[in-house]
Amino acid sequence: MCLGIPAKIVEEPNDNGMAEVEILGVRRHVSTHMVPDAKVGDFVLVHAGFALEIISEQFAAETLELFRQMEMPGTENLEPLELPELERPAHLS
Amino acid sequence: MSSADILKGFRDPEHAAALVTAIAEAATEPQTFMEVCGTHTMAIAKNGLRGVMPENIKLLSGPGCPVCVTGNADIDMAIELARQPHVILTTFGDMMKVPGSYSSLSREKADGHDVRVVYSPLDSLTLAEGNPEKHVIFLGVGFETTAPTVALTIREAARRGLTNWSALSLHKTVPEALRALTNDPDVKITGFILPGHVSTIIGSEPYRFLAEEYGVAGVITGFEPVDVLQGIWMLAKQRAEGRAEIEIAYTRAVMPEGNEIAVRAIEEVFEPSDAEWRGLGVIPGTGLAIRPEFSQYDALVRVPVTPPEPRAIKGCQCGDVLRGAVLPFDCKLFGRGCTPEHPIGPCMVSSEGSCAAYYRYTDYGRA
Ligand code: SF4
């Protein structure tokens, strides 16, 4: 329940901080009050209609893939993503 | 299934196997680690991580599901509000089926009361604007991830000058609940796998007392199975080296200071209050009551109701499951009378509840 879902900002936030994002293939308006620096093209973690944090594209892709594997509602139709190799921490290689 | 088979299912099986070996090497003494996030509970159950742990490491599931830890008296309060003829009660979908003492919101809806599921608390403001003759209440349930969204919605209601909208704040904050768990004589926790997205908001500082006052280790970790393994390894390593610290393994989404705008929004709109946690009882300072300055948006002030005396759900051990004192399998009703299709207690209702996660992923076998 405390999960942020990755979304991509597709439209500049309006004066009230509401921005259009694409989230699991659906367009929605979310509040960017907590991430005032977010701009078009950024990926954010969205929870309950609010962007919580700006994240990297790579992390957004990994997180969506994870949700698909966990059978999170709304992710049924996501295609498996091609993911780059995870970086292996130096102490384990 | 052998642990080698389990590890084959990982995106990077070699990395996972290396972590498991490293965990076994570090676990020279018995350790009890608890995860306190419903998504970690699901990740551990689904990937069979209990099955690859060395003997010395016991993994417990804690009170990580906000829906599950909401007490019956609070659910009864929400139900009583939904029964008022002039009220539209709006809620996240997860709360609909959760049983209170006598009913659930979905049962109330079936009985003709106006209960609606919204995706965001902001949607309930729009509903209030479209229904000026009604009073719209948003049921705020969740930890620090959700609390700022409701705080900002209350501020937005003020900005829009709404007079027919309020929130019932049943929000809870995590760190002091971990103190209560640490003090529980039945469960001797030596390390916490700390929640990812709660920590996105609050950062790592609020957990520091666990390490400094109690010598308990903590690692904030992500949700990939290898993330969880990495978190467990970091905990085991801290114990082996005699350290107790709060570390962040989830640097992709968590900064030590958290999100300061979100924390400020919580503090501006809410004040700490006592909150009742299922299984843990009343924990001082873990609730978030709406401050008097915002009382016109407080459902407790706007729509005063008196719910009936709460009662416990017969035979359900969800409370003991939530504090790690028993495993879901230990409940006599688990899988016999209580299933996700016919849930008896909240831990089976919520998809991230421990009973539901164990039922779904472990074939009844003890993992
Ligand atoms: S199996 Fe059902 S009845 Fe038993 S503790 Fe879990 S939710 Fe309660």
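Predicted model: local features only at pLDDT ≥ 70, side-chain atom pairs only at ≥ 80, totals over all residues.
Next, select Glu108(B) together with Arg83(B). Their side chains meet in a salt bridge, N to O 2.9 Å. Glu108(B) belongs to helix α6 (residues 105-110) of chain B, while Arg83(B) sits in the loop between α5 (72-82) and β3 (87-91), so this pair ties together parts that are 25 residues apart in sequence. Is Glu108(B) buried or exposed? With 3% relative accessibility, Glu108(B) counts as buried, because the cut-off for that class is under 20%.

Move on to Arg208(B) and Glu205(B). A salt bridge is found here too, the closest N and O atoms lying 2.6 Å apart. Arg208(B) has a relative accessible area of 37% and is partly exposed; Glu205(B), at 44% relative accessibility, is also classed as partly exposed.

Side chains of opposite charge can pair when their charged atoms come close. Over all chains, the structure holds 21 salt bridges.

The tour now turns to the cysteines. How many disulfides are there over all chains? The count is two. Numbered in sequence order, the bonded cysteines of chain B pair as 1-2, 3-4.

Select Cys65(B) and Cys68(B). A disulfide joins them, with an S to S distance of 2.4 Å. Viewed along the S-S bond, the torsion is about 70°, so this disulfide is right-handed. Cys65(B) counts as buried at 3% relative accessibility, and Cys68(B) counts as buried at 1%.

Then select Cys318(B) and Cys347(B), whose sulfur atoms are 2.0 Å apart in a disulfide. Cys318(B) lies in helix α15 (residues 318-322) and Cys347(B) in helix α16 (residues 346-349), both of chain B, so the bond ties together parts that are 29 residues apart in sequence. The torsion about the S-S bond is about 80°, and the disulfide is therefore right-handed. Cys318(B) is buried, with a relative accessible area of 2%; Cys347(B), at 1% relative accessibility, counts as buried as well.

Keep these two cysteines selected and display the ligand. Which residues surround the ligand? Cys318(B) and Cys347(B) are among them, together with Cys316(B), Gln317(B), Cys331(B), Leu333(B), Phe334(B), Cys338(B), Ile344(B), Gly345(B), Met348(B) and Cys355(B). Colouring this shell by class shows ten nonpolar residues, two polar residues and no charged residues. The space taken by the ligand is the largest cavity.

Finally, pick out two further cysteines of the shell, Cys331(B) and Cys355(B). Cys331(B) is buried, with a relative accessible area of 9%, and Cys355(B) is buried, also with a relative accessible area of 9%.

Conventions: Residues numbered from 1 in each chain as written. Chains lettered and ligands numbered in written order. Heavy atoms only, no water. Disulfide = S-S within 2.5 Å. Buried < 20%, exposed > 50% of the residue type's maximum accessible area, 1.4 Å probe, protein only. Helix = DSSP H or I, 4+ residues; strand = E, 2+ residues; numbered from the N terminus. Near = heavy atom within 4 Å. 1 Å grid on protein atoms, 1.4 Å probe; cavity = no way out; pocket = protein on both sides within 12 Å on 5 of 7 lines; lining within 4 Å. Sits in = over half its atoms within 2 Å of the grid points. Nonpolar A, V, L, I, M, F, W, Y, C, P; charged D, E, K, R; others polar. Salt bridge = Lys/Arg side-chain N within 4 Å of Asp/Glu carboxyl O.
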